[in-house]
Amino acid sequence: MFNDNGSFLLALFEFFLFFAWFMCLFWVFGDIFRSHDLGGGAKTVWVIFVILVPWLGILVYLIARGGGMAQRQLEQAKAMQAAQAEYIQSVAKTAPTSATDQIASAKALLDSGAITQAEFDALKSKALA
C-alpha cells in the first residue's frame, strides 16, 4: 500500500488534517447554532460557506467570529449550571433540622392519617434521641 516512508508520512499527515478539520467543523457548527446574535439567514450562510469551502470557511469564521466563541461557550455553561441548580432546588426537599420541626411534621402526618400512632411515637423517639 505504501511504497516508501514518505507516502506513509503523507498519509498520516492527511489523516491528521482530516481529523483536525472534523473537530474544527464541530466546534464551528456548535458556535454557529449557539450564537444568539446571528439570525437564521446568517447562520444558513455560514453553514453553507463552511460546507462548500471547508478549510477557508472555518478559517474565515475563526477570524471573523472567533473572539466570541469562548464567551458564548461560557454563557452556555453558566446557563446550564443555573438550570441544573434550579432543578436540584426544586426537587430536593430540605428535611427538618431540629427535633421540634421533625416532631411537628410527624404530628401533621399523624393528624392527616398518613401514619399511625405507633409510627408517630417511633419518629418522636428518633427525633428526641
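Q: Does arginine 65 count as buried or exposed?
A: This is a predicted model, in which local features need pLDDT of at least 70 and side-chain atom pairs count only at pLDDT 80 or more, while totals for chains, interfaces and linings use all residues. Residues are numbered from 1 along each chain as its sequence is written, and side-chain values use heavy atoms, with hydrogens and water left out. Because arginine 65 has a relative accessibility of 13% (buried is under 20% relative accessible area, exposed over 50%, partly exposed in between, with a 1.4 Å probe and protein chains only), arginine 65 counts as buried.

Q: In which helix is the place of arginine 65?
A: Leaving aside neighbours within four places in sequence, arginine 65 is in contact (heavy atoms within 4.5 Å) with Ser35, Asp37, Leu38, Trp46 and Arg72. Helices are DSSP runs of H or I with at least four residues, and strands are runs of E with at least two, numbered from the N terminus; in that numbering, the place of arginine 65 is in helix 3.

Q: How is helix 2 placed relative to helix 3?
A: Their axes (lines fitted to C-alpha atoms, for helices over the stretch in contact, with angles from 0 to 180 degrees between N-to-C directions) are 5 Å apart, at an angle of about 140°. Angles under 35 degrees count as roughly parallel, over 145 as roughly antiparallel, 65 to 115 as roughly perpendicular and the rest as oblique, and therefore helix 2 and helix 3 are oblique.

Q: How far apart are the axes of helix 5 and helix 6?
A: Residues of helix 5 including Ala99, Ile103 and Leu110 make the contact with residues of helix 6 including Phe120, Leu123 and Leu128. The two helices pack at an angle of about 175°, and their axes are apart by 9 Å.

Q: How far apart are the end C-alpha atoms of helix 5?
A: Helix 5 covers residues 99–112, and its 14 residues should span 20 Å, where the expected span is 1.5 Å times one less than the number of residues. The end C-alpha atoms agree with this, because they are apart by 20 Å.

Q: How far is leucine 128 from aspartate 4 in space, C-alpha to C-alpha?
A: Leucine 128 has its place in helix 6 and, at 58% relative accessibility, counts as exposed. Leucine 128 and aspartate 4 are 124 residues apart in sequence, and their C-alpha atoms are separated in space by 83 Å.
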